[in-house]
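Subject: A structure for you to explore

Hi there,

Here is the structure I promised to hand over. Have a look at it first, and then read my notes below.

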Amino acid sequence: MSTHDVIVVGAGLAGLSAARDLAAAGADVLVLEARARAGGRVEQTTTADGRLVQLGGEVVGASHTSYRALVGELGLTLGPSFTDIPGESTWLMNDGRFLGDEMPWMSARDRALYEEIERRFSALAGSVDPDDPWAHPDARALDRISVGDWLRSEGATPDVVRAIWTAFAPSTPTSRGPDPRTASSRGCAKSSRRESVSRRPSDSRQRAC
Ligand SMILES: Cc1cc2nc3c(=O)[nH]c(=O)nc-3n(C[C@H](O)[C@H](O)[C@H](O)COP(=O)(O)OP(=O)(O)OC[C@H]3O[C@@H](n4cnc5c(N)ncnc54)[C@H](O)[C@@H]3O)c2cc1C
């Protein structure tokens, strides 16, 4: 029977990173993976016409400093995401196919409301100390209310909630970010404050390849 200092269960990025750090520190590490491939929720495939398609994690922001350092260390490259590719966005919605960079269901009034609510959320995020979020005077109340309920309490229409939902979780609610139905407003305000330190939406979306 073989013995090891550490057994890591799961060869996703977390398990592989942990194993790598442990091995670098001199530990004898065994990584166990249930599937036939490493990578977990990071997976890439190639279409019949040769295009690379990401099936999981792909977007890296300017604040993902550890990830970017790893990219550099491994000699990988980062490419621009779809937001930097010239041309308009295509929206495939239940109610049709739309072209354009604006969310097609938003009226001018919705857009103004979206910006106003975003401004209020930024102000709230600015009042939360990311290193001590429970010190906020409204921490308990904010922790009990979901982002969706907070948005509605601020007067967001269903279309504005849908827009913020889309911005939060473009593909799946739980994989890319918090689910606004269940994530607490305190937690999101805290994360938002951390993210805003170095992130601009227009330059933060890059894809590892
Ligand atoms: C569609 C999609 C898009 C995403 N987009 C982004 C993005 O753009 N940017 C971003 O930062 N993140 C994104 N993510 C999230 C990101 O992919 C994950 O947060 C990250 O890959 C999780 O890594 P992990 O190692 O923690 O877990 P996982 O990748 O889930 O790895 C866990 C591994 O453990 C294995 N395992 C589980 N149980 C056992 C067991 N009992 N025995 C052995 N093995 C086991 C699993 O098979 C798996 O390989 C996306 C995810 C998805 C699904």
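Which polar backbone atom is 2.7 Å from an oxygen atom of the ligand? The polar backbone atom belongs to Val59. Before going further, please keep in mind that this is a predicted model, where local features need pLDDT of at least 70 and side-chain atom pairs count only at pLDDT 80 or more, while totals for chains, interfaces and linings use all residues. Residues are numbered from 1 along each chain as its sequence is written, and side-chain values use heavy atoms, with hydrogens and water left out.

**The ligand**

A backbone N or O atom of Ala14 sits 2.8 Å from an oxygen atom of the ligand, and one of Ala34 sits 3.1 Å from a nitrogen atom of the ligand. On its own the ligand has 1000 Å² of accessible area, and the protein covers 65% of that (areas come from the Shrake-Rupley method with a 1.4 Å probe; for residues, only the protein chains shown count as cover). In total, 20 residues surround the ligand, and Ala14, Glu33, Arg35, Arg41 and Val59 are the closest (a residue counts if one of its heavy atoms lies within 4 Å).

**The whole protein**

The protein has eight helices and nine strands; these are DSSP runs numbered from the N terminus, with helices (H or I) of at least four residues and strands (E) of at least two. Of its 209 residues, 27% are buried (buried means under 20% relative accessible area, exposed over 50%, and partly exposed in between, with a 1.4 Å probe and protein chains only). Among contacts with a separation of 6 or more, 56% are between residues 24 or more positions apart (contact means heavy atoms within 4.5 Å).

**A buried histidine**

You can find His136 in the loop between helix H3 (108-126) and helix H4 (139-144). Its relative accessible area is 11%, so His136 is buried. Leaving out residues up to four places away in sequence, His136 touches Leu124, Ser127, Val128 and Leu142. With Ser127 there is also a side-chain polar contact of 2.9 Å (a pair of N or O atoms within 3.5 Å; within protein, one must be able to donate a hydrogen and the other to accept it, and residues adjacent in sequence count only if both atoms are side-chain atoms).

**Salt bridges**

How many salt bridges are there? The count is nine, where a salt bridge is a side-chain nitrogen of Lys or Arg within 4 Å of a carboxyl oxygen of Asp or Glu. In one of them, the side chains of Glu116 and Arg120 meet at 2.9 Å, N to O. Both residues lie in helix H3, four residues apart, which is about one turn of the helix. Glu116 is partly exposed because its relative accessible area is 26%, and Arg120 is partly exposed at 27%. These two also belong to a network of salt bridges with Arg119 and Glu154. Elsewhere, Asp21 pairs with Arg20, with their closest N and O atoms 3.3 Å apart, and Arg111 pairs with Glu102 at 3.9 Å, N to O.

**One last stop**

Leu13 is in helix H1 (residues 13-24). Its relative accessibility is 39%, so Leu13 counts as partly exposed.

Happy exploring!
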